[in-house]
Every structure is written in C-alpha cells, then in structure tokens.
Amino acid sequence: MNLRSSEPFRSLSVVIIDDDEDHLVVVHDALERAFAGEQIKLTVSSFTHPAVGLAELPDHDRQVILLDYQFPGSTGLDWIPDFMRVSSAPIIILTSSGDEHIAAEAFREGASDYVVKSDIIESPSMLRRVVRESLRKHTLEQTNRELARELKRANAELSQKNERLTELTDTAHRFVENVAHEFRTPLTVIREFASIINDGIGGEVTPKQQEYLAHIVGSAGDLAELVNDFLNCSRLRSNLIRVQRERIAVEELISPIWPILQARAASKPARLTRTIPQGTPAVFADPDKAQRAIINLVINAIKYSTPDDEIHLEIAQDGPHLIRILVRDQGPGLPPESVQHLFERFRQGEPTSGHLADGFGLGLSIVKEMAAINLGQVDIESTIGEGSTFSFTLPRANTRSIIDAFIKRAKSHPESRQVTVLSAHACDAHPIDELTRELSEVAMPFDLTLPAPDRHHAMLLGITNDAAQYRARVEQAINEKRAAHGNPDDQISIELQGHWSPDHALEALQDLLEVHNETEETDATVSTHR
Amino acid sequence: MPQSVLIVDDEPRITAALMTRLEASGYTVYHAINGLAGIEAAALYEPDAIILDIRLPDIDGYETCQRLRRFPTLQATPVIFLTANVQDEAIERAKGAGGSRFITKPYEACDILRAIEELTSLRNAA
C-alpha cells in the first residue's frame, strides 16, 4: 500500500481549463507564484475548452484540474463526470465572485473544492493551500478505496477458504460413511458363515472347531464395533451426530445390550455380572450413546481379562445429582503413572477436538465422547495385580441435576465460554414437545433442549463465546429447516434470555427454569420425546 | 406348506449366507439380483416375506418396495429392509416406502429369523 499523503512531492501537474485566455494567464501566473518558494517541478497545461482538455489531458500521477464554471452553452459542472471517467485527479472549480452558491452543487458532482478566481490572484498562498488540500484529500480517498478493495478481496478469499474447508470435511465424512458401508458386507459374510458352521448346518462340528469358530465370530464382531466407532467419530467431528436425550431407567439402558455383552464375554471366556440397586433413580441420556459407552467399556475390560476372570457392571449413586456406571475388571491393572497418563488423556480437552485413538484405543476415546454428549464425565481407578475400574457419570432425570451437569461441562471447556440460554416461540399453537424436538434437531451435539417451566415455549442452552451470533445461527437454522419441510409461514422466533459465565450460571438458570434445590424426580419438565 | 422368502440383494455372498440360514430353518427361498427382477419374482411367487437390500444396481430398495406395494397381492407382504446403511434418514425412508422392518448389517441371524416369524404370524392372524 502506497500512503502518499504524508510524503513531500517533487513534481506537480496542473491543468487549467478556462474559455477566457486572459484568465488562463493570470491563474497560471498565480500558480507559479504560489509554488515559487518550493522545490517542486510544476507543469501547467492550459486549455480553452473542456472537450479539448479532456482529449489532451497529460498523464501524470500527481495532477490537479482547475476547471472554470462558466463556458458558452455549458458549465464546468456538466463536465465533471467526463473528467472523472478518464482521470482520478481532483477537480477544483474556478468561480467568479458571486457564484459561491454553486459550491454545494459542485461538491455533489464530485468536485474536490472550489475557489474564487479573484481570491487566488490576490492570495497565491491560498491557491497553494487549496491545491495541497485537494491532493491530500484525494490521496486519502484513494488509500481508503484501496483498503476497502483489499478488505473485500481478503473477505472473499476467507469465505472461499471456509467453503473449501466445509467441502473437505464433508468429503472426509462421506468417505468414512462409504468405507464403513463397504466393510459391513464382507464382515457380515464372515460372521454369518462362521456361525452357520458353528450351528452345525453344514455338518457336525467338534468342540475344538467350535472354539476356533467362536474366535472368528468374536473378531468379526470386534471389527464391526470398530467400524461403528469410526463412524461415530466421523459424525462427531462433522457435527452430524444427532442427540436425543430422554428420561430413562438404568435397567432399560442395560437390558437391550446385555445379551450382546454376554455373548462377547463368553467368547473369551469371561464372567459378566451386574449389580443395579433397587430404586436407582432414572437418568437423562441419549440411550444409544450411553449404550455405546457401556459396550465399549465392557469390550475393553474383556480385552484385558484372562479366561475366567470376572467383569462386573455396577451402577452407583454419586452425590445428589449423578449416577455412575462402572465396569470393573480383574485384568493386570495399570501402574499409577499410566493411570495418571490415561486419566489425563481420558479426561482432558474438548471432546470433539481430542485426538483419535491417541495411544489408548479408539474404543475408550468414544466412551469419553459419548459420556460428554450425555453431560457426563469419565474416571479410571486401577491397582496393579487387582484390576481396573473405568466409569462414567450420567445426570439424574430432574432439571436441577441436568443443569448442574450442563454447567459442569461449560466449566470444563478449555476456553472460557458462556452459558447462553435461548427461548423459542412458535406463532401457532405448537405442541411444546414438538417444538423442543425441532429445536434439538438444529442444536449442536452438546447443546441442551428443555421445555420451559410454563410449557409455552422451549429453551435451548448452549456453551458459546458469542451469544448474539449463536441466537442468529439457531434462528436461521430452525426456520430454514421448517421452510424445507413446507412450513415457511409458521416462523419460530428465537429470543436471547441471557448469558452467564459458568460460575454464575447456576443461580440464573435456577431462576429461569424455576428449579429449587430438591432433587426428587421433577420429570414433567424433562422432554421425553424419542 | 412350507413358507417362502424372497431375497433381493446383489451381493451373492450375502444371498448365499441368508439362503443357507433360511433353508436350514425350513423356508423355501427365492432370490433376485436387482430391483426389477425382485418385483417380477415377488409377483410370480407371492412369497410370505421379502428381504430387500437398499443399494441395488437398477432401482434402489425404496423404489422397489413402493412398486411392490402397487400389486394388490403384495400390499400386505412383510418387507424387511436389510442394509449396511445405519443412518436415521435411511430408516425413515424405508418406512415411508412401505417397509415393515429395518435390520442393519452385520446382522444377527436370529434377528432375521425372528422378524420373519413375527411378521408372517401377525399377517396370518390378521
């Protein structure tokens, strides 16, 4: 960028256009006098008609045009646009005294300044000032224009890069989806035929052969889980994972996956047992994600068990707001420094930016992410020679416990972020659970959606650094989604209820959600959609 | 009379695995390697249940299912979608196209057998 305004200049070209030849001479003379004392090479070109001046305008990068006002049949102002088309030189209008009223019009047409001829003849220093001032203004304007152009260019470049980045993420994600799809077919064939043989459909099988077949089936199963883990990771990173948290009894969470876990343990063989105390309160979780975390923890425990070890799944209350799901193994255990190391790896950082499989397996990495999505945290305890216990928490299914877990999540964010609360209102009589569901569909995986206490609107809690931008994004996303589904008229308005630092959020949210300190099941306020 | 199942899948090994399993359980099994052949076979044999893949070389599983449902004789035939696609969107589309069940690969053989049993007995009861 060339910031010429501050530089002293060595040469100057002035173009005078006046139909009166006498005036040309006196103005020229005034110019000579005005710049006489300065080390400037002054070139003056004179023309008696604007058309000629326009055609023969000298080429000079520091040039000023002095343009008379009165011409036969036209005014200088009429010619300004023509001059501006061919040259960027500032134009100063020369007027006779009494014509000052044209000043405003001259500026509007694009003139840089105007002077009264008799004034400059009397005071060359005034002429010098006007010329210098016009040049300075002109240079500044040019600099501004250049800056604006550069800014525009930089912006365009940035949005192009952004687009490219989005495209790359999409491509990477599509690739993983395709690979996963391609893996599943051969995996199915391997597992299915091994189990067909094992079931004796092709003829009698010896016990030894059955044992070997169980290894094939088990390994194919491990590979299938790995494919699922890769898919989950990819979806998390592309923010494509859909989170549907609901109130669910722990028993209902475990029962559907228990046969799978039992079969997996049997292939080791290891004994898998469980303890779910009577009266264990319900949790607030996305069942798929919680089940994936449990499956991965049990598979991990099986991996480090020796035959006939016991693996124990245990459910325990952890303080007033949390339920802890623990998986104990009788494996070799880990030395304290490894526990510390693993613990840090396991706990630290923003879940979606953590490294994949960074030294401790994709499976555990997924546990961490799935726990985080359910507003929970992971923990490890281990003693050498006795075994390890991996666990994660889930919030209990009441509003107080849920917001407590949400704020804890906001606090663990590596950069300081604010807890931001939005409320969504639909124009028509929209069922509140429907509205809550729609809101959760446009939310990010870690956002939290809840019906408001009055059940007239829905609330969305996010962890952001720019509440206004967050509000705008959500509003745009939900209305775009509705328009795409053929509901363009029924717009949803999103209001910003407030934003607080995590340290101050609890009190504010308790007020907003009308929560008191009790932890009994206030489940009516928790959405139970699926 | 033994019950019959039609498999519409372009993966010969998957078809072989399914056929082995189903025949061992006493079913008569037909198979077709693309959507249009599947429709023809379904209209001809009127199977008790159909197992349908989504990715097929000609028309996809959704369309195959929609077209099947236009035959009065096939309107109530149980159609089990069997696919490696696990996205929610695929499940929704399968339902919308007239699918009765959705099972993902890798599948457990017992899930398929149970689904066929449940769906056919439901139909017979109706």
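**Reading confidence, a surface patch and a buried valine**

Modeller: In this predicted model, pLDDT stays under 50 over residues 520-530 of chain A. The model has 41 contacts for this stretch beyond four places in sequence.

Colleague: What is the mean pLDDT of chain A, and what share of its residues reach 70 or more?

Modeller: pLDDT is the predictor's confidence in each residue, from 0 to 100. For chain A the mean is 84, and 91% of the residues reach 70 or more. Residues 1-6 of chain A have pLDDT below 50, with 13 contacts in the model beyond near neighbours in sequence.

Colleague: Which elements of chain A have the lowest and the highest mean pLDDT?

Modeller: The lowest is helix H11 (residues 336-347) of chain A, at 67, and the highest is strand E12 (residues 322-328) of chain A, at 96.

Colleague: Is A:Val515 buried or exposed?

Modeller: Buried means under 20% relative accessible area. A:Val515 has 12%, so it counts as buried. A:Val515 lies in the segment after helix H16 (502-512) of chain A.

Colleague: Which residues does A:Val515 touch, leaving out those up to four places away in sequence?

Modeller: A:Val515 touches A:Thr399, A:Arg400, A:Ile403 and A:Gln510. A:Thr399 is 116 residues from A:Val515 in sequence, yet their C-alpha atoms are 6.9 Å apart.

Colleague: Which residues make the nonpolar surface patch?

Modeller: Patch residues need over 30% relative accessible area. A:Phe183, A:Leu223, A:Leu226 and A:Phe230 make a nonpolar patch of about 350 Å². Helix H7 (residues 207-237) of chain A gives the most to the patch, with 3 residues. A:Leu226, found in helix H7 of chain A, is partly exposed at 36% relative accessibility.

Methods
Residues are numbered from 1 along each chain as its sequence is written. Chains are lettered from A and ligands numbered from 1 in the order in which they are written. This is a predicted model: local features need pLDDT of at least 70, side-chain atom pairs count only at pLDDT 80 or more; totals for chains, interfaces and linings use all residues. Side-chain values use heavy atoms; hydrogens and water are left out. Patches are made of residues with over 30% relative accessible area and no salt bridge: like charges are joined within 9 Å, nonpolar side chains (Val, Leu, Ile, Met, Phe, Trp, Tyr) within 5 Å. Accessible areas come from the Shrake-Rupley method with a 1.4 Å probe; for residues, only the protein chains shown count as cover. A salt bridge is a side-chain nitrogen of Lys or Arg within 4 Å of a carboxyl oxygen of Asp or Glu. Helices (H or I, at least four residues) and strands (E, at least two) are DSSP runs, numbered from the N terminus. Buried means under 20% relative accessible area, exposed over 50%, partly exposed in between (1.4 Å probe, protein chains only). Contact means heavy atoms within 4.5 Å.
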